[in-house]
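Hello,

Here is the structure I promised to send over. Have a look at it first, and my notes follow just below.

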Amino acid sequence: MKKSRSKRFCILAVCMTMLFMTTGCNRLKETNAKEEKMAFAMQQEHQIVDQIAFPDSDDNNNPTGTDPNIDTSNENNPTGTDPNISDPNGVTPTGGSIPATSYENVTESVAAFLSTLPLAQEGNWVTGDGGLDTYFYLQIDERWAEKYYGGTDTIAKYACGPTCMSIVISSLTDIRIDPVQMSTWAKNNGYWFDKSGSLHSLIPDAAKAFGLQAEGVENTAQASAKLKKALEDGKFVVALMGKGQFTQSGHFIVLRGLTEDGKVLVADPASQDRTDKTWELSTIIEEAKTWAAANGPFWIISKTTSE
């Protein structure tokens with residue numbers, strides 16, 4: 001009788017051990033599966049982040065620390081005046097007007113942020129030639145070039161995205177916000193990425209937060225017609241450029257209009273020289289990124305329809 005009970009006990013013990021081992025293996029498999037999913041998600045995220053705007057990197061995405069297309073020479077460093085740019089003090093330029101957007105269109109968080117800011121530092125009005133009246137800022141301006149966007153990333157090298165949005169917002173609304181202030185907002189809201197620049201979503205998200213409309217346009221065969229119509233309709237387009245005449249890696253610029261002969265006018269936050277030139281729309285499209293997050297690499301930005 002005792003031997004029978006002992007035998008049953010041994011069998012029960014073996015069964016329980018096998019059950020625990022099976023459960024443990026299943027849990028381990030589940031844990032490994034979760035970890036693999038997380039690793040895959042992180043990999044995907046980094047694939048997106050690797051293509052964010054203005055990474056100072058070579059073709060292999062290895063940091064180089066500089067971009068050869070950023071001109072920081074003294075002769076091209078902005079001083080606040082330029083013979084080809086109208087009144088830098090925010091005064092209405094001859095033949096132009098200062099557009100106005102209701103301050104109430106901004107989100108509550110933006111309104112709270114703006115209430116903490118001092119007056120924005122001055123930009124320059126760029127007008128005429130078929131383009132929108134544009135309140136222009138350069139990220140390489142000596143007033144803030146070496147100030148930090150985030151970490152040790154300077155505005156001169158990494159803040160093309162915030163500078164583009166300071167241009168667009170200051171031009172289309174009654175808000176004046178300079179590159180330092182816009183960089184602060186972008187960083188505070190999670191759009192800065194260390195040693196890489198800005199998440200693509202900064203452009204449409206900032207536009208909407210500051211009371212504007214934003215529409216993403218992918219770089220497809222239909223892009224040319226969409227961008228041409230947007231510029232003809234008096235809208236801005238923020239473009240994420242790839243390797244070419246504007247950058248060797250990635251760089252946000254603003255398209256601000258069309259000349260009578262159909263050339264594109266730009267506001268390039270990294271270059272006064274490129275801002276002063278006109279460009280073929282085909283060149284802009286060919287040199288823009290073939291892909292971007294947030295439905296880019298082009299974003300059409302305009303005032304809200306309620307105005």
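Let me start with serine 271, which counts as buried because its relative accessibility is 5% (buried means under 20% relative accessible area, exposed over 50%, partly exposed in between, with a 1.4 Å probe and protein chains only). Before going on: this is a predicted model, so local features need pLDDT of at least 70 and side-chain atom pairs count only at pLDDT 80 or more, while totals for chains, interfaces and linings use all residues. Residues are numbered from 1 along each chain as its sequence is written, and side-chain values use heavy atoms, leaving out hydrogens and water.

Serine 271 sits in the loop that runs between strand 10 (264-267) and helix 8 (272-276); helices (H or I, at least four residues) and strands (E, at least two) are DSSP runs, numbered from the N terminus. From serine 271, the side chain reaches the backbone nitrogen of aspartate 273 at 3.3 Å. Aspartate 141 is 130 residues away from serine 271 in sequence, yet their C-alpha atoms are 10.0 Å apart in space.

The loop between strand 10 and helix 8 also holds aspartate 268, which counts as buried at 0% relative accessibility. Residues that aspartate 268 touches, leaving aside those up to four places away in sequence, include Phe136, Leu138, His251 and Arg274 (contact means heavy atoms within 4.5 Å).

Of its 307 residues, 45% count as buried.

Methods. A polar contact is a pair of N or O atoms within 3.5 Å; within protein, one must be able to donate a hydrogen and the other to accept it, and residues adjacent in sequence count only if both atoms are side-chain atoms.
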